[in-house]
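Let's take a walk through this structure together, one piece at a time. Have the sequence and the 3D view open as you read.

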Amino acid sequence: MGKILLEMKNITKTFPGVKALDNVNFQVEEGEIHALVGENGAGKSTLMNVLSGIYPFGTYEGDIIYNGEVCQFQKISDSEKRGIVIIHQELALVPQMSIGENMFLGNERGKKYAIDWDVTYSEADKYLKMVGLSESSRVLIKDIGTGKQQLVEIAKALAKNAKLLILDEPTSSLNETDSRALLDLMLEFKKQGMTMIIITHKLNEVVYVADKITVVRDGSTVETMDCHTMEISEDRIIKGMVGREITDRFPKRHDVAIGDVNMEVKNWTVYHPVYAERKVVDNVNMTVRKGEVVGIYGLMGAGRTELAMSIFGRSYGADISGSLKLNGVETVLKNPHEAINAKLAYVTEDRKGNGLVLSNPIRVNTSLANMKGVSNKGVIDRDKEYQVAVEYKDKLRTKTPSVEQNVGNLSGGNQQKVLLAKWMFTDPDILILDEPTRGIDVGAKYEIYCIINDLVAAGKSVVMISSELPEVIGMSDRIYIMNEGQFVGEMKAEEATQENIMACILQSGRGR
Amino acid sequence: MNLKIQDIIKKYTMVLALIVVLIFFYITTQGKILFPMNINSLISQNAYVFVLAAGMLLCILTGGNIDLAVGSVICFVGGIGAVMMDKNINVWVAVIVMLVGGVLVGVWQGFWIAYVKVPPFIATLAGMYAFRGLANVVMQGYAVGVRNETFLNVFGGGANCYIPDFFNGGSFNITCMAAGALVVLIYVGLTLKKRITAKAKGYGVDPLYSVLIRLVVISAAVLWIFYKLAQHKGIPTGLIWIALVLLAYGYVTNKTTAGRNLYAVGGNEKATRLSGIDSRKVYFFAYINMGLMAGLAGILTIARASNAQPTFGQGYEMDAIAACFIGGASAYGGEGKITGVIIGALLMGVINQGMSIMGISPNYQSVVKGIVVLVAIIFDVLSNKKK
């Protein structure tokens with residue numbers, strides 16, 4: 001057994017009214033990658049915030065022993081001085097500044113009153129090389145993709161002489177290729193002796209990189225698994241996370257009759273709103289039938305969201321061409337309002353940015369897309385609105401004390417349910433769900449899948465966009481595969497496997 | 001049920017602040033601030049703040065957007081009206097022209113803001129210069145007197161800007177007191193009715209004692225104000241306009257889809273747009289409405305002063321904005337209430353009046369107002385942080 005680099009002993013952290021961490025014990029060995037998994041709200045991030053000094057010494061009980069010494073961090077810079085660096089889920093980069101400026105923000109090279117830009121950029125380039133990013137450090141952050149931005153964050157951490165690197169959901173906004181590259185980079189760092197803690201929801205990543213896995217549930221660590229001595233499978237981890245065996249991750253759909261085609265998209269082409277010559281969606285043809293779940297699989301950036309939003313009342317893109325038939329009738333939808341009237345719904349992937357008004361209660365969010373349904377000549381009937389919100393809350397089993405609760409206070413899974421409720425209340429025939437289970441935990445995912453099944457059982461059609469292969473295969477009747485703006489394949493769910501879907505994408509890439 | 005003292009303080013901070021300020025001035029002015037005459041002039045003098053702040057609140061709700069031009073618009077519109085009346089054009093024609101003028105200004109600014117996406121700060125800054133200049137053009141740089149009796153009486157200027165006493169109570173205006181009682185009756189009736197229906201339908205309601213306390217406090221305050229007004233000529237007509245505007249706006253923001261749209265756009269514009277609501281129309285509506293309120297404020301201003309001058313309205317936009325922010329509107333949009341605006345405007349008015357009675361120089365009055373605005377916002381920021 002290696003040397004214990006970090007030990008967190010009997011950590012208890014209480015917020016007013018809630019015990020977020022209850023007597024947690026957590027050990028990390030030097031030179032290992034230690035995965036911290038658990039459902040949303042289990043306490044993973046709180047634990048890491050205690051470690052990094054965001055919650056200063058004295059606001060929690062218990063000891064942090066790092067490198068053999070008891071540490072009492074008062075602020076983040078205290079822990080950073082010791083080499084504990086945390087990379088948060090939301091990237092903390094200033095888009096208008098260059099890579100180099102970002103990397104040494106608050107840690108500037110040269111003198112306080114005279115920054116040495118030559119040193120800054122040459123050092124920045126050095127760290128960029130270490131993370132395998134072939135960009136000049138003078139490039140602005142806004143001009144590089146999220147995958148590269150994540151690498152810049154890591155380089156920034158390295159610039160702080162990190163010995164223990166904590167990555168909180170590092171791949172949540174990355175596509176499959178970038179994610180894999182990041183994980184490989186972590187393995188590379190491990191070889192060089194770096195110790196890392198990774199928090200992630202993606203269990204395949206855990207299995208891929210982790211040496212040890214600690215499961216957090218309801219504010220306590222329930223078990224630590226050693227990947228070298230025991231057989232680790234995703235199901236085994238899930239069992240630890242939810243505390244019971246999940247026999248089937250995808251609920252069965254019972255004999256939903258698939259009916260006629262109710263949406264047909266032909267030769268659909270969309271150009272980028274800013275870069276007018278860039279085709280974002282390229283000649284896409286798609287049909288959707290009544291009672292069917294159609295999956296659209298593609299990596300991030302494949303044009304899936306753009307396709308969906310351009311269909312939904314041209315809410316994205318420029319110079320849109322192609323035809324849209326709803327129930328056999330050629331239809332032009334000029335704006336979201338017309339799309340809603342045509343019984344279309346688009347449930348966004350970005351529920352905080354594009355979906356919900358976080359500062360408003362559930363009641364208000366539920367009726368937002370269909371205020372006509374709760375009002376009379378422009379005057380809102382609060383009673384009716386309240387009843388509607390309660391009805392959907394019960395139907396979708398949203399966990400909240402009341403529908404007057406602000407949506408911003410809900411967990412990701414419950415927010416997703418409110419968003420679904422909002423669109424179900426518009427009584428659509430076709431629902432386009434864009435990454436409906438992103439960033440929500442296993443239990444809530446299952447409930448969302450059940451809602452999807454109920455929807456098609458009620459004769460609606462669902463188009464599900466997802467970048468999680470098991471989900472697409474597990475839930476869809478038929479799958480379209482999208483790559484670089486084009487549909488590069490279509491297969492029945494029975495034929496689909498992870499291998500042949502990936503092969504489809506790889507072949508299409510090679511073809512040009 | 002244990003209502004925590006802290007929660008109450010937090011919810012009614014500005015009300016408490018208003019009371020504290022009143023007590024402070026009551027002591028420092030030896031009670032003069034609560035003389036009937038002073039209460040009367042407090043209302044008449046600040047009518048424009050209430051009216052403008054109601055309009056400004058709608059703009060602020062859409063995302064912290066403000067309108068810097070209203071002061072100039074007041075002067076411009078007021079100038080047009082004064083000149084028209086000076087030329088003996090029918091008073092109602094002049095009133096309609098002033099209101100329509102305000103709306104047109106709103107259309108002009110709203111168009112650039114909503115459809116061309118000119119930042120509101122800049123679009124209205126341009127308006128602030130332009131309409132001030134136009135006001136000078138209209139009045140040719142001179143003050144224009146307003147002598148139309150009807151106009152002055154209806155819009156709260158001159159000596160007879162009070163609702164006459166139909167009961168001849170002599171020095172005590174019985175009509176005024178009766179109106180006060182009526183207002184209280186309606187208020188109590190509506191509140192209780194709402195509570196009973198809510199309970200019948202099984203919705204959550206506030207505990208009875210807290211509702212009763214609120215009813216008693218507000219009723220007492222209203223009766224007391226009307227009692228004071230009754231001792232000095234009665235209800236100023238300005239109060240009628242304030243009440244009409246505030247009731248209408250309270251209704252629009254609270255009960256209608258148009259009002260809901262304002263909050264939604266300010267809370268999350270993209271989500272609102274994807275919900276099928278045309279956010280451009282919402283901005284357009286907010287600024288047109290602001291123009292209408294600027295028109296009305298222009299009318300009230302020239303009536304109050306019995307003339308129009310090229311310098312009128314300077315700084316009015318800031319009074320309105322300050323009233324909104326003191327009243328708890330969020331500088332980022334999506335949050336704010338008409339009741340808050342009332343408290344904010346009252347607080348500013350009381351401070352102004354109190355300092356004037358104390359004989360503090362206008363220069364220091366500005367300093368104090370500045371500090372009050374800052375403190376209000378600091379408090380708002382800190383209390384949000386604690387959440």
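Why does B:Met128 count as buried? B:Met128 has 20 C-beta neighbours inside 10 Å, so it counts as buried. The cut-off is this: a residue is buried with 20 or more other C-beta atoms within 10 Å of its own, exposed with 12 or fewer, and partly exposed in between, the C-beta atoms being placed from the backbone.

Some ground rules before going further. This is a predicted model, in which local features need pLDDT of at least 70 and side-chain atom pairs count only at pLDDT 80 or more, while totals for chains, interfaces and linings use all residues. Residues are numbered from 1 along each chain as its sequence is written, and chains are lettered from A and ligands numbered from 1 in the order in which they are written.

Back to B:Met128, then. You'll find B:Met128 in helix 7 (residues 120-139) of chain B; helices here are DSSP runs of H or I with at least four residues, strands are runs of E with at least two, and both are numbered from the N terminus. Leaving out residues up to four places away in sequence, B:Met128 touches B:Leu68, B:Ala69, B:Gly71 and B:Ser72. Touching, or being in contact, means that the C-beta atoms of two residues, placed from the backbone, lie within 7 Å. B:Ser72 sits 56 residues from B:Met128 in sequence, yet their C-alpha atoms are 5.4 Å apart in space.

Staying in chain B, look for helix 15 (residues 316-326). Of its 11 residues, 10 are buried, so this helix is largely enclosed by the rest of the structure. Among the buried ones are B:Tyr316, B:Asp319, B:Cys324 and B:Phe325. After helix 15 of chain B comes B:Gly328, with a positive phi near 95°.

B:Cys324 turns up again in the largest nonpolar core, which has 185 residues. A nonpolar core is a set of buried Ala, Val, Leu, Ile, Met, Phe, Trp, Tyr and Cys residues joined through C-beta atoms within 7 Å. B:Cys324 is one of the residues that touch the most other members, along with B:Val51, B:Leu52, B:Ala53, B:Met56 and B:Leu57. Helix 14 (residues 279-305) of chain B gives the most to this core, 15 residues. B:Val51 touches, among others beyond four places away in sequence, B:Trp241, B:Met293 and B:Leu300. Another core, of 63 residues, lies apart from the largest one and includes A:Leu5 and A:Ile154.

How is chain B divided? It has domain 1 (35-161 + 252-386) and domain 2 (168-235), with bounds taken from an automatic or database domain assignment. Their C-alpha centres lie 28 Å apart, and four residues of domain 1 are in contact with six of domain 2.

Now cross over to chain A. Here 24 residues of chain A are in contact with 21 residues of chain B. Helix 10 (336-341), helix 11 (351-355), strand 20 (379-380) and helix 13 (382-395) of chain A each give two or more residues to chain A's side. That side has 12 nonpolar, 11 polar and one charged residues, where Ala, Val, Leu, Ile, Met, Phe, Trp, Tyr, Cys and Pro count as nonpolar, Asp, Glu, Lys and Arg as charged, and the others, Gly among them, as polar.

Chain A is divided into domain 1 (4-242), domain 2 (249-343 + 428-512) and domain 3 (355-427). Between domains 2 and 3 of chain A, the C-alpha centres are 25 Å apart, and 12 residues of domain 2 are in contact with 10 of domain 3. Helix 15 of chain A supplies the largest share of domain 2's side, four residues.

Chain A also holds an open, mixed sheet of six strands in the order 18-21-22-15-23-24; strands pair if DSSP finds at least two bridges between them. Strand 18 (344-347) and strand 24 (486-492) of chain A each have a single partner strand, so one side of each is left without a neighbour in the sheet. Strand 15 (residues 293-298) and strand 23 (residues 478-483) of chain A run parallel, joined by five bridges, and A:Gly295 has A:Ile479 as its bridge partner in strand 23 of chain A.
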